[in-house]
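The sequence and model are shown first.

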Amino acid sequence: MIPLDTRPLFRHDRQALLEMLQSLDPADWAKPTVCPGWNVADVTAHILNDYMRRISGDRDEHSGAVFADDETLPTYLERVNGEFVRAMRQCSPRVLIELLAHLGPELDRIWAATADLAEPAQLNVSWAGPGGSPAWLDIAREYTEFWVHQQQIRDAVSRRGADEVALMRPVLVTFLHAVPWALRDRVRPGGTAVRFEITGPSGGCWSVVSDGTSWDLTAAQTGEPAAVVRIDQDSFWRLASRGITVAEARRRAELVGDPELTASATTLLAVVA
């Protein structure tokens, strides 16, 4: 794994979000987004839901989760996210903005109180594999959630931004932590490497290396890789968050070497589904 400290980034990401939301026309709030059935106001409400959920759970130790019979985590999240968004349609854009501005700093204080980023996370990052996750990965996962939803809003209203290297590169690196789990069924000798070459200002080169039984992400350069995935930064984050399909991402990418490894590597998924 490649540890990250994304805590200082939340404030900057949120400021960019608030400035953009404050600039929208009334018609912009009704524009559809890539999230099925959700417009700009709905995605904004969903971000607010994430704020409230984490503050309630981390600060107040309030679980809140009540699963229906035989309900899986993805179906539970789909249900409660939909319920919250529908309820918040009674609220104005101004109220949504004010709530985000008010609750955001409280969430920042919660992240700042995490003294040891290597300690076990409050919530496991399921898309990075089974077992416990370190706190830094849980926090980074939340950062990517907010960043991606902001980009979905920006796409809907044709506003570029919040894509400078300091804000975007941590998203790419966090999403790369989904690749070892995507390769879990591909057993290769120790030292076998799959290299990701992500083009664009926020990109770079990273390798996922086998120890003979599992895979791990590293920024270190290895020898000749068994497979290479070359993809631009915009396509990569959209693939990881399923803003584009696996098939579309493969059409945009250059895949070299072991076809089983490139096929599995490009199924990485960094959201709960």
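Over residues 11-153 of this predicted model, the chain is 61% helix and 0% strand. According to UniProt, in an unreviewed entry, residues 11-153 carry the feature "domain: Mycothiol-dependent maleylpyruvate isomerase metal-binding".

**Cysteines**

- A search of the whole structure turns up 0 disulfides.
- C35 takes part in no disulfide, and the nearest cysteine sulfur, that of C91, is 19 Å away.
- Seen from C91, the closest cysteine sulfur is in C35; at 19 Å it is too far for a bond, because a disulfide requires the two sulfur atoms to be within 2.5 Å.
- C35 has a relative accessibility of 12% and therefore counts as buried, the cut-off being under 20%.
- C91 has a relative accessible area of 26%, so this residue is partly exposed.

**R188: position and burial**

- R188 sits in the loop that runs between α7 (179-182) and β1 (193-199).
- With 15% relative accessibility, R188 counts as buried.

**R188: contacts**

- The R188 side chain makes a polar contact of 3.1 Å with the side chain of D258.
- The side chains of R188 and E260 are also joined by a polar contact, at 2.9 Å.
- Leaving aside residues up to four places away in sequence, R188 touches S210, G212, W215, D258, E260 and L261.

Conventions
Residues are numbered from 1 along each chain as its sequence is written. This is a predicted model: local features need pLDDT of at least 70, side-chain atom pairs count only at pLDDT 80 or more; totals for chains, interfaces and linings use all residues. Side-chain values use heavy atoms; hydrogens and water are left out. Buried means under 20% relative accessible area, exposed over 50%, partly exposed in between (1.4 Å probe, protein chains only). UniProt positions are given in the numbering used here, feature names are shortened, and annotations may be inferred rather than shown by experiment. Helices (H or I, at least four residues) and strands (E, at least two) are DSSP runs, numbered from the N terminus. A polar contact is a pair of N or O atoms within 3.5 Å; within protein, one must be able to donate a hydrogen and the other to accept it, and residues adjacent in sequence count only if both atoms are side-chain atoms. Contact means heavy atoms within 4.5 Å.
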